[in-house]
Amino acid sequence: MTGEVTYDAAGSAEVTEGAVASETAQPGTPPELAGGDGLGCHAGAAEMEAAARMAGKSEILDQYARDYPQGPHDKPQSMCPAFGSLRVGLRMRRVGTILSGSACCVYGLTFVSHFYGARRSVGYVPFNSETLVTGKLFEDIREAVHEMADPERYDAIVVTNLCVPTASGVPLRLLPSEIDGVRIVGIDVPGFGVPTHAEAKDILAGAMLKYAREEIEAGPVQAPAAGKSDRPTVALLGEMFPADPMMIGAMLAPLGLAAGPVVPCREWRELYAALDCGAAAAIHPFYTASMREFEAAGRPIVGSAPVGHDGTAAWLAAIGEAFGVSAGQVAAAQNAFLPAIREALAATPIKGTITLSGYEGSELLVARLLIESGADVPYVGTACPRTAQSDADRAWLEARGVTVKFRASLEDDCAAMEAITPDLAIGTTPVVQKAKELAIPGLYFTNLISARPLMGPAGAGSLQQVVNAAIGNKARMDGMKAFFEGVGDGDTAGVWEGDPNLRPDFRAQHQKKLDKQARAAKAQEMI
């Protein structure tokens with residue numbers, strides 16, 4: 001598709017009929033992944049990737065390697081990647097979810113998803129050594145999908161292979177593409193092939209956009225609930241604070257444009273409206289699979305975001321260029337918002353040195369906002385990869401002396417924080433924990449920074465209060481550190497009547513086991 005989307009006048013989607021796959025799953029699960037005396041989901045990443053390739057998953061793993069290139073750490077250091085795609089599905093209306101993986105993984109994922117506010121059930125297809133080896137697991141998944149595919153309840157069902165089914169080659173591609181009007185979307189989200197949960201969101205968003213794009217090419221589709229926009233729209237890539245799309249829409253209005261749907265979407269029909277945009281804005285620049293679908297639909301991609309004074313000016317100019325808006329109209333839009341942004345940034349300046357790290361994908365944008373608010377930000381670490389869409393933000397930060405670390409590991413973030421000893425450390429839970437142990441004030445990026453608007457005038461004044469309040473807690477942190485001084489740390493933490501029983505012999509024995517496992521993993525990689 002390269003033109004406009006054709007909507008069904010009756011408001012219903014035309015979905016291509018899909019036939020149940022006639023092929024059968026091929027058994028070939030390596031014994032070490034089949035349970036019993038094997039390693040199961042506790043097998044190393046190298047072993048599981050090798051098994052997945054032997055089982056026919058090379059194509060998808062190679063695609064993930066291109067889309068989400070790994071950095072110095074070869075495994076996730078945030079939560080399980082599948083949480084990202086699971087959360088995307090659970091936040092969509094009329095979309096069901098089925099997981100296939102080890103019971104411990106499914107338990108953890110569902111627990112975390114409900115902790116974050118999910119209010120619906122998650123389907124689960126269990127397996128054992130026999131069903132993995134014989135291919136019965138695939139038949140069980142297909143049976144579960146048929147049982148769950150109720151068009152009165154669902155527009156789509158997402159089936160996700162976790163580590164062991166992926167490594168065993170369970171072929172979700174052989175599931176029917178549609179059952180009684182319910183779309184079936186199968187994805188593999190193994191921890192050994194997807195670096196972060198943020199990128200797993202893109203895996204599902206990209207798969208859904210691909211399905212929706214093919215539906216559009218096949219014929220008229222369901223119109224947006226609010227109707228088609230009377231102005232050209234800009235689709236927004238990446239989860240963001242709910243007020244941000246409205247603020248972006250207000251800034252686009254002087255250009256004669258409107259904000260389109262946010263991808264990941266909240267409803268299937270929003271996918272059609274997203275693809276019906278004039279351009280896609282990569283607010284989060286790592287949505288590689290989603291950008292590929294927009295480009296296949298003939299939609300240009302605009303990087304960065306309207307954050308702070310300089311970011312907003314550059315972004316409005318880039319959007320204007322993408323839509324062929326006149327320079328005078330772009331200048332009018334800039335003049336309408338930049339003074340208010342400048343005023344908000346100057347109203348409550350931030351005075352202090354801050355290190356910033358996270359895994360959400362918006363770390364560079366937040367750093368820009370902090371710097372324009374007056375903060376000194378010498379280090380920014382993000383677990384996400386460098387992309388062409390983040391280059392403008394990276395260049396702006398580096399021109400101001402900031403060290404930007406893509407695919408930053410926990411060790412990178414902690415080392416920077418310890419070396420710089422900032423007035424405030426913004427980061428993930430373990431980084432903030434380490435900072436507080438050193439009596440450095442800390443803020444959790446996900447809970448306290450991502451949960452605030454960042455765009456336009458609203459974003460310009462959103463961080464100062466919480467950041468300045470945290471920096472002001474230094475005396476309190478020093479007091480707590482002094483109070484707990486001498487109680488030990490690590491495995492000697494607490495109050496002891498005598499000296500802690502350290503048992504160095506147990507440590508040495510355990511270290512030998514770890515060394516042996518490391519040598520075995522290295523030997524496997526060489527093979």
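1. A crossing of two helices is called left-handed if the near helix is turned anticlockwise from the far one by less than a right angle, and right-handed if it is turned clockwise. In this structure, α14 passes α15 in a left-handed crossing. The contact (heavy atoms within 4.5 Å) involves L364, L365, A367, R368, I371 and E372 of α14, together with A392, D393, R394, W396 and L397 of α15.

2. The model discussed here is predicted: local features need pLDDT of at least 70, side-chain atom pairs count only at pLDDT 80 or more, and totals for chains, interfaces and linings use all residues. Residues are numbered from 1 along each chain as its sequence is written, and side-chain values use heavy atoms, with hydrogens and water left out. Helices (H or I, at least four residues) and strands (E, at least two) are DSSP runs, numbered from the N terminus.

3. Two packed helices are described by the angle between their axes and the distance between the axes. For α14 (residues 363-372) and α15 (residues 391-398), the angle is about 35° and the axes lie 10 Å apart. Here the axes are lines fitted to C-alpha atoms, for helices over the stretch in contact, and angles run from 0 to 180 degrees between N-to-C directions.

4. Helix α10 (residues 268-275) is largely enclosed by the rest of the structure, because seven of its eight residues are buried. Buried means under 20% relative accessible area, exposed means over 50%, and partly exposed lies in between (1.4 Å probe, protein chains only). The buried residues of α10 are W268, R269, L271, Y272, A273, A274 and L275. Their cover includes the strands β3 (156-161), β5 (182-188), β6 (233-237) and β7 (258-263), as well as the helices α8 (197-218) and α11 (288-296).

5. Side chains of opposite charge can pair when their charged atoms come close. A salt bridge is a side-chain nitrogen of Lys or Arg within 4 Å of a carboxyl oxygen of Asp or Glu; by this rule the count comes to 26. One of them joins R91 and E239 at 2.9 Å, N to O. R91 lies in the loop between α3 (82-90) and β1 (95-100) and E239 in the loop between β6 and α9 (243-252), so this pair ties together parts that are 148 residues apart in sequence. R91 is partly exposed at 30% relative accessible area, whereas E239 is buried at 18%.

6. Another salt bridge joins R94 and D155 at 3.0 Å, N to O. This pair also links distant parts of the chain, 61 residues apart: R94 is in the loop between α3 and β1, and D155 is in the loop between α6 (136-148) and β3. R94 is partly exposed at 33%, while D155 is buried at 16% relative accessibility.

7. Because the two residues are four places apart in helix α21 (residues 474-483), about one helical turn separates D478 and K474. D478 is partly exposed at 36% relative accessibility, and K474 is partly exposed at 36%.

8. G461 lies in the loop between α19 (456-460) and α20 (464-471). G461 is partly exposed, with a relative accessible area of 41%. G461 and L369 are 92 residues apart in sequence and 9.2 Å apart in space, C-alpha to C-alpha.
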